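Please open the structure in your viewer and keep the selection tool at hand.

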Amino acid sequence: MVESASADVTLLRKRLQRERKARREAEQIAERITRQLYESLSDVRELQEAQRQLTDELERRVEERTGELARANLSLKKQAAELERSNLELQQFAYIASHDLQAPLRAIGGFVQLLRDTYSGRMDEQADAWIAHTVAGVERMQTLIRDLLAYSKIESRGRPFEAIDSREVFDQVIEGLEASIRDSNAQVTCSELPTVAGDRSQLLQLLQNLVGNAIKYHGDQPPRVHVSAEKKGSEWVFSVSDNGIGIDPKHYRRIFEIFRRLHTQQVYPGTGIGLAICRRVVQRHGGRIWVESEPGRGSTFVFSLPERSTT
Ligand SMILES: Nc1ncnc2c1ncn2[C@@H]1O[C@H](COP(=O)(O)OP(=O)(O)O)[C@@H](O)[C@H]1O
Ligand SMILES: [Mg+2]
C-alpha cells in the first residue's frame with residue numbers, strides 16, 4: 001500500500017516536472033513571438049513614417065510647381081495682352097498712315113496729270129519721259145496705299161458676321177474682274193457654293209484676291225479657274241484651282257507674308273499684299289488657308305471656314 005503510494009508520488013512529480021518544462025517552453029515561445037511582433041510593429045512604424053515623409057515632400061513639390069505654373073501663366077497672359085495691344089496700335093498706325101497719305105498723294109497725282117495734259121509735247125522729250133515716270137510712280141504708290149489700307153482695316157474695321165451666300169460673292173468677283181477675264185481669255189467656273197457665316201466685304205476681298213491671282217499667274221495657256229466648296233466635319237473647305245505657273249513648295253508659307261512676291265513688276269505686277277489680306281480674313285473668320293501646287297502644273301488655294309451660327 002505504502003509502496004504503491006510512493007510510486008504514485010514519483011509519477012506525479014515527474015508529470016509536474018514535464019508540465020513545468022512545457023510551460024517554460026510555451027512562455028519562451030510567447031516571449032519570442034511578442035518580441036518579433038514588437039520588432040515588426042516598429043518596422044511598420046518606420047515604413048509609415050517614411051511614407052508620410054515622402055507624401056509631405058511630394059505635396060511640397062506639387063505646391064511649388066503649381067505656384068511656378070501660376071506665375072508663368074500670369075506672365076504669359078500679360079505678354080499676350082501686351083502683344084494684342086501693340087498689334088492693335090500697329091494696325092491703327094498703318095491705318096492712319098495709309099489713310100493720311102492718300103490726300104497729299106492725290107494732290108500730287110492731280111497736279112502731275114495736269115502738267116502732263118497741259119505741257120505734253122510742248123517741252124522736250126526728256127521732260128515728257130520724267131512726267132510719265134512720275135505719273136506711273138504716283139499710280140503705283142496709290143495702289144500700294146489702297147492695299148495697305150485694306151489690310152489694316154480687316155481687324156479694326158471688320159463687320160459682324162451674317163449669313164452670306166458665297167455664290168453671290170462669286171458672281172460679284174466675276175463682275176469685278178470682268179476686264180482681266182476678257183483680256184486674258186480666262187474661263188472662271190464654280191460648283192455649287194454654300195451659305196456661310198461671315199463679313200461680306202471681307203469674303204469678297206478674299207475670293208477676289210484668289211481668283212485675281214489665279215487669272216494673273218497664268219502661263220502659255222489661257223487661265224482656267226474653278227472655285228468649289230466641300231463640307232468637311234464642321235467646316236466648309238473652299239478651293240480655288242488654276243492651270244497657271246504653279247509655286248515651288250519652298251515658297252508655300254512665305255507667299256502669305258505681307259509684301260512677299262516671287263516676281264518683278266515687269267513680269268507680273270502686284271503689291272504682295274493680296275495673300276496677306278486673304279490670310280487675315282480667313283483667320284478672323286476662324287479658319288485656315290494654304291496652297292497645294294507644283295511648278296508648271298497649276299495651283300490650288302484652299303481655305304476653311306467654320307460652319308457656325310451667325311452673330
Ligand atoms: N495662283 C497663283 N499661281 C502662282 N503663284 C501665285 C498665285 N497666287 C499667288 N502667287 C504668288 O504669291 C505671291 C504673293 O501673292 P499676293 O500676295 O497676291 O501678291 P501679288 O499678287 O500682289 O504679287 C505672288 O507674287 C506670286 O508669286
Ligand atoms: Mg495678288
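Select W236 and then L305 in β7: these two residues are bridge partners. The model in which they are seen is a predicted one. Now extend the selection to the whole of β5 and β7, two strands that run antiparallel and are joined by 7 bridges.

Which sense of pairing joins β6 and β7? The sense is antiparallel, and the pairing extends over 5 bridges. Select V291 to find F301 of β7 standing opposite. Then follow the chain through the turn: β6 and β7 form a hairpin, with 5 residues between the two strands. Within that turn, stop at G296, which has a positive phi of about 85 degrees.

The strands may now be viewed together. Select β2, β4, β5, β7 and β6, in which order they make up an open sheet of 5 strands with mixed pairing. Why is one side of β2 (187-190) and one side of β6 (289-293) left without a neighbour in the sheet? Both strands stand at the edges and have a single partner strand each, so each keeps one side without a neighbour. Look along the sheet to see the twist, which averages 20 degrees from one strand to the next.

Next, select helix α5 (residues 200-216), which packs on the sheet. This helix touches β2, β4, β5 and β7 (299-306), and its direction makes about 140 degrees with that of β4.

Two packed helices are described by the angle between their axes and the distance between the axes. To display the contact, select A150, Y151, I154 and E155 in α2, which meet A276, I277, R280, V281 and R284 in α6. By class, the residues of this contact divide into 6 nonpolar, no polar and 3 charged.

Now select ligand 1 and the residues around it. How many residues surround ligand 1? There are 21, and the closest are N213, L262, G270, G274 and L275. Both α5 and α6 contribute to this shell, with at least two residues each. The shell divides into 9 nonpolar, 9 polar and 3 charged residues.

Finally, colour the protein chain by its two domains: domain 1 (95-153) and domain 2 (162-306). Their centres, taken over C-alpha atoms, are separated by 29 Å. Where the domains touch, the contact takes 6 residues from domain 1 and 7 residues from domain 2. On the side of domain 1, the touching residues comprise 4 nonpolar, 1 polar and 1 charged.

Note on methods:
Residues are numbered from 1 along each chain as its sequence is written. Chains are lettered from A and ligands numbered from 1 in the order in which they are written. This is a predicted model: local features need pLDDT of at least 70, side-chain atom pairs count only at pLDDT 80 or more; totals for chains, interfaces and linings use all residues. Two strands pair if DSSP finds at least two bridges between them. Helices (H or I, at least four residues) and strands (E, at least two) are DSSP runs, numbered from the N terminus. Axes are lines fitted to C-alpha atoms, for helices over the stretch in contact, and angles run from 0 to 180 degrees between N-to-C directions. Two residues are in contact if their C-beta atoms, placed from the backbone, lie within 7 Å. Ala, Val, Leu, Ile, Met, Phe, Trp, Tyr, Cys and Pro count as nonpolar, Asp, Glu, Lys and Arg as charged, and the others, Gly among them, as polar. A residue is near a molecule or strand if its C-beta atom, placed from the backbone, lies within 6 Å of it. Domain bounds come from an automatic or database domain assignment.
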